[in-house]
Amino acid sequence: MIKKIKQSILDQQYIASRPYLATPINIDLKSVIVNKPWGHEYLMFSSPEIEVWSLSQRHQRSTSIHCHPNKKTSLMVIEGRALFSTLNESWELLPMDAIIVDKGVFHSTQCLSKEGLKLLEFESPPMKHDLLRLEDKYGRAQKGYEGVE
């Protein structure tokens, strides 16, 4: 399955109600593993047009409910099962399923597999700092992308 998700009126309302400033990060993300409360991610490929990230997510952990106001994101499940949710709907994703997420769509991914979840994430244009969190189980709701630590 490949599913394309377009921005909804609810997405637009939440973006309009939140102050947002995309502050570029000054961290070289090449050759580092970025630890997250739900697992980790690693930059596999970078060009001026696109970045490809490898994501590993632990069982029953989920990303924040977030959007990227200025970039498009796509996710492809490599191993495991995921629950991908927007503000309006949810879908179970299996290996080789993909989601194409338009700019400004709030979304979250939860790992359903006991053995974990492996995903590829494609971001265009490459702007890791383009992140607006709506809700976060780990206390990062009003924070940007992870720092040096």
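**Note on the salt bridges of this model**

1. Lysine 36 and glutamate 41 form a salt bridge, their closest N and O atoms lying 3.8 Å apart; the term denotes a side-chain nitrogen of Lys or Arg within 4 Å of a carboxyl oxygen of Asp or Glu. Both lysine 36 and glutamate 41 are buried (buried means under 20% relative accessible area, exposed over 50%, partly exposed in between, with a 1.4 Å probe and protein chains only).

2. The model is predicted: local features need pLDDT of at least 70 and side-chain atom pairs count only at pLDDT 80 or more, while totals for chains, interfaces and linings use all residues. Residues are numbered from 1 along each chain as its sequence is written, and side-chain values use heavy atoms, with hydrogens and water left out.

3. Glutamate 41 also meets lysine 128 in a salt bridge, at 3.5 Å from N to O. Lysine 128 lies in the loop between strand E11 (117–124) and strand E12 (132–135), and glutamate 41 in strand E3 (residues 39–46), so this pair ties together parts 87 residues apart in sequence. Strands (E) are DSSP runs of at least two residues, numbered from the N terminus. Lysine 128 is buried at a relative accessible area of 9%, and glutamate 41 is buried at 3%.

4. Glutamate 92 forms a salt bridge with arginine 81, with 2.7 Å between the closest N and O atoms. Glutamate 92 is in strand E8 (residues 90–93) and arginine 81 in the loop between strand E6 (72–79) and strand E7 (82–86), eleven residues apart. Glutamate 92 is partly exposed, at 42% relative accessible area, as is arginine 81, at 33%.

5. Salt bridges with shared partners join Lys36, Glu41, Lys71, Glu121, Glu123 and Lys128 into one network. The count of salt bridges comes to eight.

Conventions:
Helices (H or I, at least four residues) and strands (E, at least two) are DSSP runs, numbered from the N terminus.
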